[in-house]
Amino acid sequence: MKPGTDILILGAGVVGLSAARRLVSSGASVTVLDAVHPGGRGSRAAAGVAIPSVRLWEDADMLAFARAGRATLAEDLASLPEGPTLRRGHGILRVATDAKSRDALADKASKDPEGPGTWVDAARLVALEPALEGTPLFGAFESGHGHMVDTEGYVNALLAAGARAGVRLRLGEAARSVTETDGGVEVRTDGGTLRADQLIVSAGPWSAGLAGLPALPLKPVRGQMLVVHQPGLHLTRVVSGPSYLAPWRSGEIVVGATEEDAGFSEHVTPAGLLHLSATVAKLAPRLRDARFVRAWAGLRAVTVDGRPYIGRFPGTLRTFVATGLGGQGILTGALTGASVTELLAHGRCDAVAPFDPARLVSTGSPGRTGG
Ligand SMILES: Cc1cc2nc3c(=O)[nH]c(=O)nc-3n(C[C@H](O)[C@H](O)[C@H](O)COP(=O)(O)OP(=O)(O)OC[C@H]3O[C@@H](n4cnc5c(N)ncnc54)[C@H](O)[C@@H]3O)c2cc1C
(Lines give C-alpha, C1' and ligand atoms only; values in the text may rest on other atoms or scores of the structure.)
Protein backbone atom coordinates (compact mmCIF):
# COMPACT_ATOMS: atom_id res chain seq x y z
CA MET A 1 0.00 0.00 0.00
CA LYS A 2 1.46 3.40 -1.00
CA PRO A 3 1.92 5.42 2.23
CA GLY A 4 -0.72 8.09 2.58
CA THR A 5 -3.27 6.33 0.32
CA ASP A 6 -6.71 7.47 1.40
CA ILE A 7 -9.05 4.59 2.17
CA LEU A 8 -12.69 4.94 3.13
CA ILE A 9 -14.48 1.99 4.78
CA LEU A 10 -18.26 1.76 5.09
CA GLY A 11 -19.24 -0.29 8.16
CA ALA A 12 -17.62 -0.51 11.60
CA GLY A 13 -18.31 -4.20 12.18
CA VAL A 14 -15.64 -6.85 12.65
CA VAL A 15 -14.88 -6.85 8.92
CA GLY A 16 -14.44 -3.09 8.41
CA LEU A 17 -12.55 -2.61 11.68
CA SER A 18 -10.22 -5.59 11.03
CA ALA A 19 -9.37 -4.14 7.61
CA ALA A 20 -8.92 -0.64 9.02
CA ARG A 21 -6.34 -1.71 11.63
CA ARG A 22 -4.24 -3.45 9.01
CA LEU A 23 -4.46 -0.67 6.45
CA VAL A 24 -3.48 2.06 8.89
CA SER A 25 -0.50 0.03 10.09
CA SER A 26 0.68 -0.25 6.46
CA GLY A 27 0.77 3.55 6.21
CA ALA A 28 -2.65 4.28 4.67
CA SER A 29 -4.87 7.09 5.87
CA VAL A 30 -8.11 5.37 6.91
CA THR A 31 -11.62 6.62 7.70
CA VAL A 32 -14.39 4.25 8.87
CA LEU A 33 -18.00 5.34 8.61
CA ASP A 34 -20.93 3.65 10.31
CA ALA A 35 -24.58 4.58 9.96
CA VAL A 36 -25.15 3.91 13.67
CA HIS A 37 -23.24 4.77 16.82
CA PRO A 38 -21.23 2.81 18.08
CA GLY A 39 -21.23 0.60 14.93
CA GLY A 40 -20.99 -3.15 14.44
CA ARG A 41 -24.71 -3.71 14.27
CA GLY A 42 -24.58 -7.35 13.11
CA SER A 43 -21.36 -8.12 14.96
CA ARG A 44 -22.71 -7.01 18.33
CA ALA A 45 -25.83 -9.15 17.82
CA ALA A 46 -23.85 -12.37 17.34
CA ALA A 47 -23.54 -15.16 19.87
CA GLY A 48 -19.83 -15.34 19.09
CA VAL A 49 -19.40 -19.06 18.43
CA ALA A 50 -15.98 -19.20 16.76
CA ILE A 51 -16.28 -22.79 15.53
CA PRO A 52 -16.90 -23.82 11.89
CA SER A 53 -20.53 -24.82 11.41
CA VAL A 54 -21.52 -28.31 10.26
CA ARG A 55 -23.11 -26.60 7.25
CA LEU A 56 -19.64 -25.74 5.93
CA TRP A 57 -18.42 -29.32 6.04
CA GLU A 58 -19.67 -29.98 2.54
CA ASP A 59 -17.97 -26.97 0.92
CA ALA A 60 -14.18 -27.48 0.89
CA ASP A 61 -13.40 -23.82 0.08
CA MET A 62 -15.64 -22.55 2.87
CA LEU A 63 -14.30 -25.06 5.35
CA ALA A 64 -10.71 -24.05 4.55
CA PHE A 65 -11.70 -20.38 4.86
CA ALA A 66 -13.43 -20.96 8.20
CA ARG A 67 -10.47 -22.85 9.65
CA ALA A 68 -8.03 -20.17 8.45
CA GLY A 69 -10.45 -17.60 9.88
CA ARG A 70 -10.25 -19.26 13.27
CA ALA A 71 -6.43 -18.92 13.21
CA THR A 72 -6.57 -15.23 12.16
CA LEU A 73 -9.16 -14.51 14.84
CA ALA A 74 -6.89 -16.10 17.47
CA GLU A 75 -3.96 -13.92 16.32
CA ASP A 76 -6.12 -10.79 16.37
CA LEU A 77 -7.46 -11.54 19.85
CA ALA A 78 -3.89 -12.12 21.06
CA SER A 79 -2.91 -8.69 19.69
CA LEU A 80 -5.68 -6.85 21.55
CA PRO A 81 -5.03 -5.85 25.18
CA GLU A 82 -8.54 -7.05 26.04
CA GLY A 83 -8.00 -10.34 24.11
CA PRO A 84 -7.66 -12.80 27.01
CA THR A 85 -10.93 -11.62 28.56
CA LEU A 86 -12.86 -11.97 25.29
CA ARG A 87 -12.77 -15.78 25.11
CA ARG A 88 -15.46 -17.87 26.71
CA GLY A 89 -16.08 -21.62 27.07
CA HIS A 90 -14.15 -24.36 25.38
CA GLY A 91 -15.23 -26.65 22.56
CA ILE A 92 -18.55 -27.87 21.26
CA LEU A 93 -20.95 -30.78 21.71
CA ARG A 94 -22.78 -31.57 18.45
CA VAL A 95 -25.79 -33.52 19.64
CA ALA A 96 -27.52 -36.45 17.98
CA THR A 97 -31.06 -37.50 18.82
CA ASP A 98 -30.71 -41.08 17.56
CA ALA A 99 -28.27 -43.51 15.91
CA LYS A 100 -29.31 -42.32 12.44
CA SER A 101 -28.50 -38.67 13.17
CA ARG A 102 -25.20 -39.74 14.79
CA ASP A 103 -24.22 -41.62 11.62
CA ALA A 104 -25.28 -38.68 9.43
CA LEU A 105 -23.10 -36.31 11.48
CA ALA A 106 -20.12 -38.68 11.28
CA ASP A 107 -20.62 -39.05 7.54
CA LYS A 108 -20.73 -35.27 6.97
CA ALA A 109 -17.61 -34.83 9.10
CA SER A 110 -15.63 -37.15 6.82
CA LYS A 111 -14.94 -34.02 4.71
CA ASP A 112 -13.47 -32.18 7.71
CA PRO A 113 -9.82 -33.08 8.42
CA GLU A 114 -10.53 -32.43 12.09
CA GLY A 115 -13.21 -35.12 12.01
CA PRO A 116 -16.42 -35.13 14.04
CA GLY A 117 -14.67 -35.28 17.43
CA THR A 118 -15.04 -37.87 20.17
CA TRP A 119 -18.37 -39.65 20.59
CA VAL A 120 -19.88 -39.30 24.08
CA ASP A 121 -22.99 -41.21 25.08
CA ALA A 122 -26.01 -39.71 26.89
CA ALA A 123 -24.77 -40.51 30.42
CA ARG A 124 -21.36 -38.93 29.80
CA LEU A 125 -23.05 -35.98 28.10
CA VAL A 126 -24.92 -35.16 31.30
CA ALA A 127 -21.76 -35.68 33.36
CA LEU A 128 -19.98 -33.13 31.14
CA GLU A 129 -22.86 -30.64 31.10
CA PRO A 130 -25.36 -31.18 33.96
CA ALA A 131 -27.65 -28.52 32.46
CA LEU A 132 -28.59 -31.15 29.84
CA GLU A 133 -30.02 -33.61 32.37
CA GLY A 134 -33.51 -34.81 31.41
CA THR A 135 -33.03 -34.49 27.65
CA PRO A 136 -33.89 -37.41 25.36
CA LEU A 137 -30.53 -36.95 23.57
CA PHE A 138 -28.74 -40.03 22.28
CA GLY A 139 -25.25 -38.56 22.62
CA ALA A 140 -22.91 -36.05 21.03
CA PHE A 141 -19.62 -35.56 19.25
CA GLU A 142 -17.31 -33.52 21.41
CA SER A 143 -14.70 -31.33 19.78
CA GLY A 144 -12.26 -29.09 21.63
CA HIS A 145 -11.41 -26.98 18.56
CA GLY A 146 -12.75 -23.51 19.27
CA HIS A 147 -14.44 -21.29 21.81
CA MET A 148 -16.79 -18.33 21.99
CA VAL A 149 -15.95 -14.66 21.67
CA ASP A 150 -17.51 -11.85 23.68
CA THR A 151 -18.77 -10.02 20.58
CA GLU A 152 -19.63 -6.71 22.25
CA GLY A 153 -16.18 -6.63 23.87
CA TYR A 154 -14.51 -7.66 20.59
CA VAL A 155 -16.08 -4.82 18.58
CA ASN A 156 -15.28 -2.31 21.34
CA ALA A 157 -11.67 -3.56 21.48
CA LEU A 158 -11.34 -3.23 17.69
CA LEU A 159 -12.76 0.31 17.81
CA ALA A 160 -10.32 1.29 20.58
CA ALA A 161 -7.34 -0.33 18.82
CA GLY A 162 -8.26 1.41 15.54
CA ALA A 163 -8.58 4.80 17.22
CA ARG A 164 -5.21 4.32 18.97
CA ALA A 165 -3.57 3.44 15.65
CA GLY A 166 -4.94 6.55 13.94
CA VAL A 167 -8.11 5.29 12.19
CA ARG A 168 -10.63 8.16 11.89
CA LEU A 169 -14.03 6.93 13.11
CA ARG A 170 -17.22 8.61 11.95
CA LEU A 171 -19.93 6.73 13.82
CA GLY A 172 -23.55 7.72 13.29
CA GLU A 173 -23.04 8.92 9.70
CA ALA A 174 -24.60 6.92 6.85
CA ALA A 175 -23.23 6.73 3.32
CA ARG A 176 -25.90 7.27 0.67
CA SER A 177 -24.24 7.03 -2.73
CA VAL A 178 -20.95 6.21 -4.37
CA THR A 179 -19.42 7.75 -7.50
CA GLU A 180 -16.09 6.76 -8.99
CA THR A 181 -14.25 9.74 -10.47
CA ASP A 182 -11.08 9.86 -12.60
CA GLY A 183 -8.83 10.16 -9.58
CA GLY A 184 -10.75 8.32 -6.85
CA VAL A 185 -14.10 7.69 -5.20
CA GLU A 186 -16.68 10.16 -3.86
CA VAL A 187 -19.14 9.07 -1.20
CA ARG A 188 -22.13 11.24 -0.37
CA THR A 189 -23.09 10.87 3.29
CA ASP A 190 -25.61 12.36 5.69
CA GLY A 191 -22.90 14.86 6.63
CA GLY A 192 -21.52 15.88 3.21
CA THR A 193 -19.18 14.39 0.62
CA LEU A 194 -16.06 12.35 1.37
CA ARG A 195 -13.32 11.59 -1.15
CA ALA A 196 -10.84 8.70 -1.08
CA ASP A 197 -8.46 6.81 -3.35
CA GLN A 198 -10.19 3.49 -2.65
CA LEU A 199 -13.39 2.35 -0.96
CA ILE A 200 -14.30 -0.80 0.97
CA VAL A 201 -17.99 -1.57 1.44
CA SER A 202 -18.31 -3.79 4.53
CA ALA A 203 -21.80 -2.71 5.52
CA GLY A 204 -23.26 -6.18 6.14
CA PRO A 205 -26.66 -6.78 4.51
CA TRP A 206 -26.92 -3.02 3.86
CA SER A 207 -24.02 -3.28 1.38
CA ALA A 208 -26.50 -3.91 -1.43
CA GLY A 209 -28.42 -0.68 -1.02
CA LEU A 210 -25.93 2.02 -1.98
CA ALA A 211 -26.87 4.16 -4.97
CA GLY A 212 -24.25 4.18 -7.71
CA LEU A 213 -23.01 0.62 -7.14
CA PRO A 214 -23.98 -2.52 -9.08
CA ALA A 215 -26.72 -4.74 -7.66
CA LEU A 216 -25.65 -7.43 -5.20
CA PRO A 217 -27.78 -10.53 -4.67
CA LEU A 218 -27.66 -10.28 -0.89
CA LYS A 219 -30.37 -10.53 1.72
CA PRO A 220 -30.77 -9.89 5.44
CA VAL A 221 -31.62 -12.94 7.55
CA ARG A 222 -32.82 -12.04 11.02
CA GLY A 223 -31.56 -13.90 14.06
CA GLN A 224 -33.21 -13.63 17.47
CA MET A 225 -31.32 -14.54 20.63
CA LEU A 226 -32.30 -15.17 24.23
CA VAL A 227 -30.27 -15.17 27.46
CA VAL A 228 -31.41 -17.02 30.59
CA HIS A 229 -29.90 -17.57 34.00
CA GLN A 230 -30.40 -20.24 36.59
CA PRO A 231 -28.01 -20.19 39.58
CA GLY A 232 -25.99 -23.41 39.75
CA LEU A 233 -26.66 -24.38 36.13
CA HIS A 234 -24.19 -23.13 33.58
CA LEU A 235 -22.49 -24.48 30.45
CA THR A 236 -18.82 -24.81 29.63
CA ARG A 237 -19.26 -25.83 25.97
CA VAL A 238 -21.46 -24.87 23.03
CA VAL A 239 -24.30 -27.40 22.72
CA SER A 240 -25.34 -27.53 19.09
CA GLY A 241 -28.38 -29.24 17.59
CA PRO A 242 -30.67 -27.62 15.04
CA SER A 243 -30.37 -24.55 17.33
CA TYR A 244 -27.85 -24.07 20.13
CA LEU A 245 -27.16 -23.19 23.76
CA ALA A 246 -23.85 -21.68 24.82
CA PRO A 247 -22.04 -20.15 27.79
CA TRP A 248 -22.73 -16.42 28.16
CA ARG A 249 -21.54 -13.86 30.73
CA SER A 250 -21.38 -14.69 34.47
CA GLY A 251 -22.89 -18.16 34.26
CA GLU A 252 -25.75 -17.09 31.99
CA ILE A 253 -26.73 -19.21 28.98
CA VAL A 254 -27.42 -17.85 25.51
CA VAL A 255 -29.94 -19.57 23.23
CA GLY A 256 -29.77 -18.99 19.49
CA ALA A 257 -30.80 -18.34 16.94
CA THR A 258 -33.77 -17.98 14.64
CA GLU A 259 -33.22 -17.70 10.87
CA GLU A 260 -35.93 -15.50 9.42
CA ASP A 261 -36.69 -13.76 6.19
CA ALA A 262 -38.01 -10.55 7.76
CA GLY A 263 -36.44 -7.86 5.59
CA PHE A 264 -34.47 -5.26 7.53
CA SER A 265 -36.62 -5.46 10.66
CA GLU A 266 -34.45 -6.00 13.73
CA HIS A 267 -37.06 -6.52 16.44
CA VAL A 268 -37.74 -9.45 18.76
CA THR A 269 -41.07 -11.24 18.16
CA PRO A 270 -43.28 -13.56 20.24
CA ALA A 271 -42.79 -16.24 17.54
CA GLY A 272 -39.01 -15.89 17.85
CA LEU A 273 -39.16 -16.25 21.63
CA LEU A 274 -41.38 -19.29 21.24
CA HIS A 275 -38.83 -20.92 18.94
CA LEU A 276 -35.97 -20.20 21.36
CA SER A 277 -38.00 -21.40 24.34
CA ALA A 278 -38.69 -24.65 22.49
CA THR A 279 -34.92 -25.08 22.06
CA VAL A 280 -34.50 -24.71 25.83
CA ALA A 281 -37.25 -27.26 26.45
CA LYS A 282 -35.66 -29.73 24.03
CA LEU A 283 -31.95 -29.37 24.86
CA ALA A 284 -32.01 -28.35 28.52
CA PRO A 285 -35.40 -28.90 30.20
CA ARG A 286 -33.91 -28.02 33.60
CA LEU A 287 -33.73 -24.42 32.34
CA ARG A 288 -37.48 -24.14 31.67
CA ASP A 289 -37.98 -21.97 34.75
CA ALA A 290 -34.71 -20.08 34.46
CA ARG A 291 -34.81 -16.29 34.79
CA PHE A 292 -35.28 -14.42 31.50
CA VAL A 293 -32.34 -11.98 31.21
CA ARG A 294 -32.45 -10.43 27.78
CA ALA A 295 -33.49 -10.98 24.16
CA TRP A 296 -32.42 -9.21 20.98
CA ALA A 297 -32.37 -9.54 17.22
CA GLY A 298 -29.80 -8.79 14.53
CA LEU A 299 -29.24 -9.28 10.83
CA ARG A 300 -26.86 -11.58 8.98
CA ALA A 301 -25.85 -10.88 5.36
CA VAL A 302 -26.65 -13.96 3.27
CA THR A 303 -25.67 -14.53 -0.36
CA VAL A 304 -27.35 -16.72 -2.98
CA ASP A 305 -24.77 -19.51 -2.81
CA GLY A 306 -23.82 -19.27 0.86
CA ARG A 307 -20.32 -18.01 0.00
CA PRO A 308 -19.22 -14.47 0.88
CA TYR A 309 -18.52 -11.63 -1.53
CA ILE A 310 -14.92 -10.54 -1.09
CA GLY A 311 -13.40 -8.69 -4.03
CA ARG A 312 -13.82 -5.76 -6.37
CA PHE A 313 -17.35 -4.60 -7.11
CA PRO A 314 -17.72 -5.67 -10.75
CA GLY A 315 -17.72 -2.71 -13.09
CA THR A 316 -15.76 -0.52 -10.66
CA LEU A 317 -12.05 0.29 -10.40
CA ARG A 318 -11.57 1.42 -6.83
CA THR A 319 -14.46 -0.05 -4.88
CA PHE A 320 -14.23 -3.35 -3.01
CA VAL A 321 -16.88 -5.33 -1.15
CA ALA A 322 -16.43 -7.61 1.86
CA THR A 323 -19.66 -9.06 3.16
CA GLY A 324 -22.03 -12.03 3.00
CA LEU A 325 -20.47 -13.95 5.90
CA GLY A 326 -23.86 -15.30 7.00
CA GLY A 327 -23.78 -16.82 10.47
CA GLN A 328 -20.00 -17.24 10.55
CA GLY A 329 -18.77 -13.64 10.45
CA ILE A 330 -17.29 -13.54 13.93
CA LEU A 331 -15.25 -16.60 13.02
CA THR A 332 -14.20 -15.29 9.58
CA GLY A 333 -14.47 -11.48 9.94
CA ALA A 334 -10.81 -10.88 10.84
CA LEU A 335 -9.62 -13.00 7.89
CA THR A 336 -12.08 -11.22 5.59
CA GLY A 337 -10.67 -7.85 6.72
CA ALA A 338 -7.11 -9.11 6.20
CA SER A 339 -7.97 -10.49 2.75
CA VAL A 340 -9.60 -7.32 1.46
CA THR A 341 -6.54 -5.40 2.67
CA GLU A 342 -4.35 -7.69 0.59
CA LEU A 343 -6.63 -7.18 -2.42
CA LEU A 344 -6.25 -3.41 -2.13
CA ALA A 345 -2.48 -3.64 -1.78
CA HIS A 346 -1.67 -6.31 -4.36
CA GLY A 347 -4.76 -6.66 -6.57
CA ARG A 348 -5.16 -10.34 -5.60
CA CYS A 349 -5.57 -12.61 -2.60
CA ASP A 350 -5.61 -16.33 -3.31
CA ALA A 351 -7.40 -17.21 -0.05
CA VAL A 352 -10.56 -15.44 -1.23
CA ALA A 353 -10.38 -16.02 -5.00
CA PRO A 354 -13.42 -18.39 -4.83
CA PHE A 355 -15.43 -15.59 -3.22
CA ASP A 356 -14.98 -12.95 -5.94
CA PRO A 357 -18.42 -11.31 -6.31
CA ALA A 358 -18.00 -11.26 -10.09
CA ARG A 359 -19.45 -14.80 -10.02
CA LEU A 360 -22.97 -13.57 -9.25
CA VAL A 361 -23.32 -9.80 -9.44
CA SER A 362 -25.57 -8.36 -12.11
CA THR A 363 -25.33 -4.77 -13.27
CA GLY A 364 -29.07 -4.15 -12.86
CA SER A 365 -30.74 -2.05 -10.21
CA PRO A 366 -29.30 -2.21 -6.67
CA GLY A 367 -30.87 -4.13 -3.83
CA ARG A 368 -31.85 -7.39 -5.55
CA THR A 369 -32.10 -10.15 -2.94
CA GLY A 370 -31.66 -13.88 -3.14
CA GLY A 371 -30.58 -16.99 -1.25
C1 LIG B 1 -28.29 -13.39 15.81
C2 LIG B 1 -26.96 -13.60 15.18
C3 LIG B 1 -26.10 -14.57 15.69
C4 LIG B 1 -24.84 -14.75 15.12
N5 LIG B 1 -24.00 -15.65 15.69
C6 LIG B 1 -22.76 -15.81 15.17
C7 LIG B 1 -21.84 -16.70 15.79
O8 LIG B 1 -22.14 -17.28 16.83
N9 LIG B 1 -20.62 -16.87 15.21
C10 LIG B 1 -20.25 -16.21 14.09
O11 LIG B 1 -19.13 -16.43 13.59
N12 LIG B 1 -21.10 -15.32 13.50
C13 LIG B 1 -22.34 -15.11 14.01
N14 LIG B 1 -23.20 -14.24 13.42
C15 LIG B 1 -22.80 -13.57 12.18
C16 LIG B 1 -21.93 -12.36 12.44
O17 LIG B 1 -22.50 -11.55 13.43
C18 LIG B 1 -21.79 -11.56 11.15
O19 LIG B 1 -21.48 -12.38 10.05
C20 LIG B 1 -20.68 -10.53 11.28
O21 LIG B 1 -20.80 -9.81 12.47
C22 LIG B 1 -20.71 -9.57 10.11
O23 LIG B 1 -19.82 -8.51 10.38
P24 LIG B 1 -19.77 -7.29 9.39
O25 LIG B 1 -18.65 -6.42 9.80
O26 LIG B 1 -19.79 -7.79 7.99
O27 LIG B 1 -21.20 -6.57 9.57
P28 LIG B 1 -21.84 -5.70 10.75
O29 LIG B 1 -21.25 -5.99 12.06
O30 LIG B 1 -23.31 -5.78 10.58
O31 LIG B 1 -21.36 -4.24 10.35
C32 LIG B 1 -21.87 -3.56 9.23
C33 LIG B 1 -22.09 -2.12 9.63
O34 LIG B 1 -22.40 -1.35 8.47
C35 LIG B 1 -23.16 -0.28 8.90
N36 LIG B 1 -23.86 0.35 7.77
C37 LIG B 1 -24.97 -0.08 7.13
N38 LIG B 1 -25.31 0.76 6.15
C39 LIG B 1 -24.39 1.74 6.15
C40 LIG B 1 -24.21 2.92 5.38
N41 LIG B 1 -25.06 3.24 4.37
N42 LIG B 1 -23.17 3.74 5.68
C43 LIG B 1 -22.32 3.43 6.69
N44 LIG B 1 -22.45 2.33 7.46
C45 LIG B 1 -23.45 1.49 7.18
C46 LIG B 1 -24.15 -0.90 9.89
O47 LIG B 1 -24.68 0.09 10.75
C48 LIG B 1 -23.28 -1.92 10.59
O49 LIG B 1 -22.83 -1.46 11.85
C50 LIG B 1 -24.45 -14.01 13.97
C51 LIG B 1 -25.32 -13.03 13.46
C52 LIG B 1 -26.55 -12.82 14.06
C53 LIG B 1 -27.45 -11.76 13.49
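**Figure 1. Surface and overall build of the protein chain.** The model is predicted. Its secondary structure comes to eight helices and 19 strands. Along the principal axes, the C-alpha atoms fill a box of roughly 65 × 40 × 40 Å. The radius of gyration is 21 Å, which agrees with the value near 21 Å for a compact globule of 371 residues. Of the 371 residues, 54% are buried. Contacts between residues at least 6 apart in sequence were also sorted by separation: 74% of them join residues at least 24 apart.

**Figure 2. Crossing of helices H3 and H8.** Two packed helices are described by the angle between their axes and the distance between the axes. Helix H3 spans residues 60-79, and helix H8 spans residues 329-346. Their axes come within 7 Å and cross at roughly 80°. Angles of 65 to 115 degrees count as roughly perpendicular. H3 and H8 are therefore roughly perpendicular to each other. From H3, the contact is made by Phe65, Ala66, Ala68, Gly69, Arg70, Thr72, Leu73 and Asp76. From H8, Ile330, Leu331, Thr332, Ala334, Leu335 and Thr336 take part. The residues of this contact divide into eight nonpolar, four polar and two charged.

**Figure 3. Arg164 in helix H6.** Arg164 lies in helix H6, which covers residues 151-165. Its relative accessible area is 54%. The cut-off for exposed is over 50%, so Arg164 counts as exposed. The view also takes in Arg21. Arg164 and Arg21 are 143 residues apart in sequence. In space, their C-alpha atoms are 9.6 Å apart.

**Figure 4. Glu180 in strand E9.** Glu180 belongs to strand E9, residues 175-180. Its relative accessibility is 28%. Buried would require under 20%, and exposed over 50%. Glu180 therefore counts as partly exposed. Neighbours within four places in sequence are left aside here. Beyond them, Glu180 is in contact with Val185, Thr316, Leu317, Arg318 and Thr319. Asp197 is 17 residues from Glu180 along the chain. The C-alpha atoms of Glu180 and Asp197 are separated by 9.5 Å.

Note on methods: Residues numbered from 1 in each chain as written. Predicted model: local features only at pLDDT ≥ 70, side-chain atom pairs only at ≥ 80, totals over all residues. Heavy atoms only, no water. Axes fitted to C-alpha atoms, helices over the stretch in contact; angles between N-to-C directions. Helix = DSSP H or I, 4+ residues; strand = E, 2+ residues; numbered from the N terminus. Parallel < 35°, antiparallel > 145°, perpendicular 65-115°, else oblique. Contact = heavy atoms within 4.5 Å. Nonpolar A, V, L, I, M, F, W, Y, C, P; charged D, E, K, R; others polar. Rg over C-alpha atoms; globule rule 2.2 N^0.38 Å. Buried < 20%, exposed > 50% of the residue type's maximum accessible area, 1.4 Å probe, protein only.
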